[in-house]
Amino acid sequence: MNDQILAVQRMQDYMAEHCAEPVTMSDLARAAGYSPWYARRLFLAWTKHTPADYLRRLRLSLSAIRLRDGRCRVSDVAMELGFGSVDGYQRAFFREFGCNPREYARHPVPLALFKPYGVRYKPSGKELKPVENLRNMFILLTEKPERKVILKRGKLARDYMSYCEETGSDIWGLLCSIPSPAGEPVCMWLPEKYRKPITNEYVQGVEVSPDYDGPVPEGFEVITLPAASYLRFQGEPFAEEDFEDAIRELWEAERRFDPASIGYRWDTENPRIQLEPIGSRGYIELCPVCR
């Protein structure tokens, strides 16, 4: 892989690991293996953020999650995440999210959190070879209850990359700010009955309880999905730069698997679900099945 990409990734990893500590450009330069001037230039070129802005937005988004989930004091969060003063933290929070952190802690609303992706996590452009020998694939029958989904539709998107190109990558950060019983947002391929005119099958959203009556971000909508059975396909952990291969391997495993072997058939009335590809846990999809 390109040495520059690896250098920027090392800087991203360093900030993720040390975001609650003082981080200097010298620290990042040592992680990158270049001079401070050149490391900063590389980081800006590959992420479109200066290191200082990237770290600030990362800290602010982490602070929002702590305020939402942890019943923490604003002053404690500000100090724990390296802000010099509570007043400075409050001003930075307001500039980033448009609300006061104390108000947000009392009444959390959807926020456009900064969701940085490693520069390794980009389409490689390499020629994809046919999948022949599959690695281990774990398959588990699981049940999903009735739930609502707050989602954002695309018009042409058919997969994650085309969706991000169409709607922007900030959608995922906003979805991450909405608490979900599932613990994380989802991507879905919707069956025909859930689609709307001039929209396509692929959406991103967050599953919430059937009685959810909280705020819905502008441009989003809510649908209700029934209780359904799913086969959870999960591949082995993978290197982040190999995410395309991990996805293709799982798709091939889905294609080869016959649910009749366990007394089921594929269910075309419920959406197929994709979780965020995270190398440390392996790629995961949930495919609906029925008797």
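Reader: Which helices are included in what covers the buried residues of α2?

Author: This is a predicted model. In α2, which spans residues 25-32, the buried residues are Asp27, Leu28, Ala29, Ala31 and Ala32. What covers these buried residues includes α1, α3 and α4.

Reader: Which residue just after α2 takes a positive phi?

Author: Helix α2 covers residues 25-32. Just after α2, a positive phi of about 85° is taken by Gly33.

Reader: Is α1 roughly parallel or roughly perpendicular to α3?

Author: The axes of α1 (residues 3-18) and α3 (residues 36-47) come within 9 Å and cross at roughly 95°. Angles of 65 to 115 degrees count as roughly perpendicular. Therefore α1 is, relative to α3, roughly perpendicular.

Reader: How many residues of the contact of α1 with α3 are nonpolar, polar and charged?

Author: From α1 the contact takes Gln4, Ile5, Ala7, Val8, Met11, Gln12 and Met15. From α3 it takes Tyr38, Ala39, Leu42, Phe43, Trp46 and Thr47. These residues divide into 10 nonpolar, 3 polar and no charged.

Reader: How many residues apart in sequence are the parts that Tyr54 and Phe114 tie together?

Author: The whole structure holds 11 aromatic pairs. Tyr54 lies in helix α4 (residues 51-70) and Phe114 in the loop between α7 (101-106) and β1 (137-144), so the parts they tie together are apart in sequence by 60 residues.

Reader: Are Tyr54 and Phe114 buried or exposed?

Author: Buried means under 20% relative accessible area. Tyr54 has a value of 5%, and Phe114 has 11%. Both residues therefore count as buried.

Reader: What separates Tyr89 and Phe93 along helix α6?

Author: Tyr89 and Phe93 form an edge-to-face pair, 5.8 Å centre to centre, with 65° between the planes. Tyr89 is buried at 0% relative accessible area, and Phe93 is also buried at 0%. An α-helix has 3.6 residues a turn, so residues three or four places apart point the same way. Tyr89 and Phe93 are 4 residues apart in α6 (residues 86-97), so what separates them is about one helical turn.

Reader: Over the ring of which residue does the charged end of Arg272 sit?

Author: The charged end of Arg272 is 3.8 Å from the ring centre. The ring it sits over belongs to Trp189.

Methods:
Residues are numbered from 1 along each chain as its sequence is written. This is a predicted model: local features need pLDDT of at least 70, side-chain atom pairs count only at pLDDT 80 or more; totals for chains, interfaces and linings use all residues. Side-chain values use heavy atoms; hydrogens and water are left out. Rings of Phe, Tyr and Trp (its six-membered ring) pair if their centres lie within 6.5 Å; planes under 30 degrees apart count as stacked, over 60 as edge-to-face and the rest as tilted. Helices (H or I, at least four residues) and strands (E, at least two) are DSSP runs, numbered from the N terminus. Buried means under 20% relative accessible area, exposed over 50%, partly exposed in between (1.4 Å probe, protein chains only). A charge sits over a ring if NZ of Lys or CZ of Arg is within 6 Å of the ring centre and within 35 degrees of the ring normal. Axes are lines fitted to C-alpha atoms, for helices over the stretch in contact, and angles run from 0 to 180 degrees between N-to-C directions. Angles under 35 degrees count as roughly parallel, over 145 as roughly antiparallel, 65 to 115 as roughly perpendicular and the rest as oblique. Contact means heavy atoms within 4.5 Å. Ala, Val, Leu, Ile, Met, Phe, Trp, Tyr, Cys and Pro count as nonpolar, Asp, Glu, Lys and Arg as charged, and the others, Gly among them, as polar.
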